[in-house]
Amino acid sequence: MIYARPPTEEEYIELKRMTRQAIGRVSQRAHVILLSAQRYTVPELATLFAMSHATVRFWIRRFNVHGPAGL
């Protein structure tokens, strides 16, 4: 099972800001990462956000490599 890595304190602050201020899908992606870091599974996240499993995995992998800027 793939999960987002735990965000650093700075990344966590940025992700929380993104959930409130980013437009559209970027806000949604930040939510996905925060929940994944809390060990929500890919199938759970896909259902919650009406995304495919592949899309959820894509954004988790992207965050794990590039951090919030990758979203």
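Which helices do the buried residues of α4 pack against? They pack against α1 (9–21), α2 (25–37) and α3 (42–49). Please keep in mind that this is a predicted model.

**The helix itself**

Helix α4 covers residues 53–66, 14 residues in total. From its first C-alpha to its last it reaches 20 Å, close to the 20 Å expected at 1.5 Å a residue. Its buried residues are V56, W59, I60 and F63. These cover an arc of only 100° around the axis, which puts them on the same side of α4. On the face turned away from that buried side you will find the exposed residues V65 and H66.

Here are the helices of this picture with their residue ranges:

| Helix | Residues |
|---|---|
| α1 | residues 9–21 |
| α2 | residues 25–37 |
| α3 | residues 42–49 |
| α4 | residues 53–66 |

**Beyond the helix**

What follows α4? The answer is G67, whose phi is positive, near 70°. The segment after α4 is also the place of L71. Is L71 buried or exposed? L71 has a relative accessibility of 10%, and because buried means under 20%, L71 counts as buried.

Not counting residues up to four places away in sequence, L71 touches L15, M18, V26, R29, A30, I33, W59 and F63. As for L35, which lies 36 residues from L71 along the chain, the C-alpha atoms of the two are separated by 15 Å.

Methods
Residues are numbered from 1 along each chain as its sequence is written. This is a predicted model: local features need pLDDT of at least 70, side-chain atom pairs count only at pLDDT 80 or more; totals for chains, interfaces and linings use all residues. Side-chain values use heavy atoms; hydrogens and water are left out. Helices (H or I, at least four residues) and strands (E, at least two) are DSSP runs, numbered from the N terminus. The expected span of a helix is 1.5 Å times one less than its number of residues. Buried means under 20% relative accessible area, exposed over 50%, partly exposed in between (1.4 Å probe, protein chains only). The arc is that of the directions from the helix axis to the C-beta atoms. Contact means heavy atoms within 4.5 Å.
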